[in-house]
Amino acid sequence: MNETAAPTGPAAPTCSADPTCPTGPADAACPADAADVLPAPARTPRLHYAWVVAGVSLLVLLGSAGFRSTPGLMMDPLHTEFGWSMGTISSASSVNLTLYGLTAPFAAALMDRFGVRLVVVCALLTISVGAGLTLLMREPWQLVLCWGVLVGLGSGSMAGAFATTITGRWFRARQGLVTGVLTAAGAAGNLVFLPLGAWLVEQHGWRSAVVVVSLAASAVAVPVLLMMRERPADLGLLPYGATEPPPAPAGGGGALARSLRVLRQAARTRAFWLLAGSFAICGATTAGLVGTHFIPAAHDHGLPVTTAAGLLALVGVFDVIGTVASGWFTDRFDAGRLLIVYYGLRGLSLLVLPQLFAGSLEPPILAFVIFYGLDWVATVPPTVALCRHHFGEDAPIVFGWALACHQIGAAVVAGLAGFARDALGDYDLAWYAAGGLCAVAVLLCLALRSGGPERTAPALP
């Protein structure tokens, strides 16, 4: 048998995967060689890591809210044990609320500079130390230092600016909904801590509740260390719902300098002052008044502390529903119009509250809890959306400054309501004044809508 000589020149390529492949030389029809010629498609994870980061953030905010809810449970026990007036005890809450707000814009800039994980872990450990040191206090100034300064600084570092940073970095789609869910974590934290804390205070004294807060703050730091990531690009991902990479984060400048620079530019705009003013009223009529004084006010009318704490926790149930729904609405409707509705309904509910208190659990107070709960922090998602609309990439820091105004409003009313209770013997004037403030917030939001869109100039390094 004669054998044909192999042709000269370069050898024809053969199938790289299987020499016996019937297609002979490599061509596009060979499945094995097609894999060599065409790049393999990127594997898309079933669960985008943005949802893992959102879950860890939810846990952080759940704990933070629970830690901040504890002072309301401690007011009567501290008054009984140490003889301190309600005004004196309220001053610690005022400092806590003020620092909670003032820390937020700087925390947002620190997260940009040093990373979310480091800032949040340090904040949680600060809360743990502050709550733990409360066990040793003997004087009012020590309460202010421990619960006012340390817990205020720690919880402020995980305030709304934290949620805004997470949603801004990790989400392009569903931003309003995720903001609503993370905001609702505050209410859900109350669901866990208020009934538990009230039971601990009643059965074992206020110190037992403080110990639980200190240990829980340390425990929450563990999943943050293990699972939090800074940006999608760290994992080779795009933000959820994004089709192109986001712009590179701005560099240069310290956190303090950037926070003040953004404030200086935002303060030149009408939109900032209208948002900050309305949000200050939001804080005054929620965390400042209801969050701090609802339990002692209900107790003044003969309602047991555990029952009053249960009602405030129930406010949290409906707050979760209302805030998540508000996030969904914010993705679909005008944010300014939503704020007008929210503040108007809140004002009406506060005006009728003094007539609803009773010595036992009655349907009218339950109706208030449901109605008011749906509106508690429903204002946050539309306020965040308006910050993004007016201030772009600086929105987390601008919202941090708006949140500072929110907490200053809360701090002022928390203190004033305590002194009013000492002077007048009840909280009626505080409830009526809060209803009037909500009417002012409605006017501010109307002015914001009539002003049209407005943006600040880009920040200069």
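So, helix H16 (428-451) gives the most residues to the lining of the second largest pocket, five of them. Helices here are DSSP runs of H or I, at least four residues, numbered from the N terminus. A pocket is an open set of points on a 1 Å grid over the protein atoms alone, where a 1.4 Å probe fits, with protein on both sides within 12 Å along at least five of seven lines; lining residues have an atom within 4 Å of a point. Keep in mind this is a predicted model: local features need pLDDT of at least 70, side-chain atom pairs pLDDT 80 or more, while totals for chains, interfaces and linings use all residues. Residues count from 1 along each chain, and side-chain values use heavy atoms, without hydrogens and water.

Back to our pocket. About 150 Å³ of space lies in there, counted as the space filled by probe spheres set on the points, which are joined across faces, edges and corners. What classes of residue make up the lining? It's 11 nonpolar, no polar and no charged; Leu-429, Ala-433 and Leu-437 are among them.

Last, Ser-157, in the loop between helix H5 (140-156) and helix H6 (160-170). Buried or exposed? Ser-157 is buried, at 12% relative accessible area, the cut-off being under 20% with a 1.4 Å probe, protein chains only. Beyond four places in sequence, Ser-157 touches residues including Met-111 and Phe-162, with contact meaning heavy atoms within 4.5 Å.

Definitions and conventions:
Helix = DSSP H or I, 4+ residues; strand = E, 2+ residues; numbered from the N terminus. Nonpolar A, V, L, I, M, F, W, Y, C, P; charged D, E, K, R; others polar. Buried < 20%, exposed > 50% of the residue type's maximum accessible area, 1.4 Å probe, protein only.
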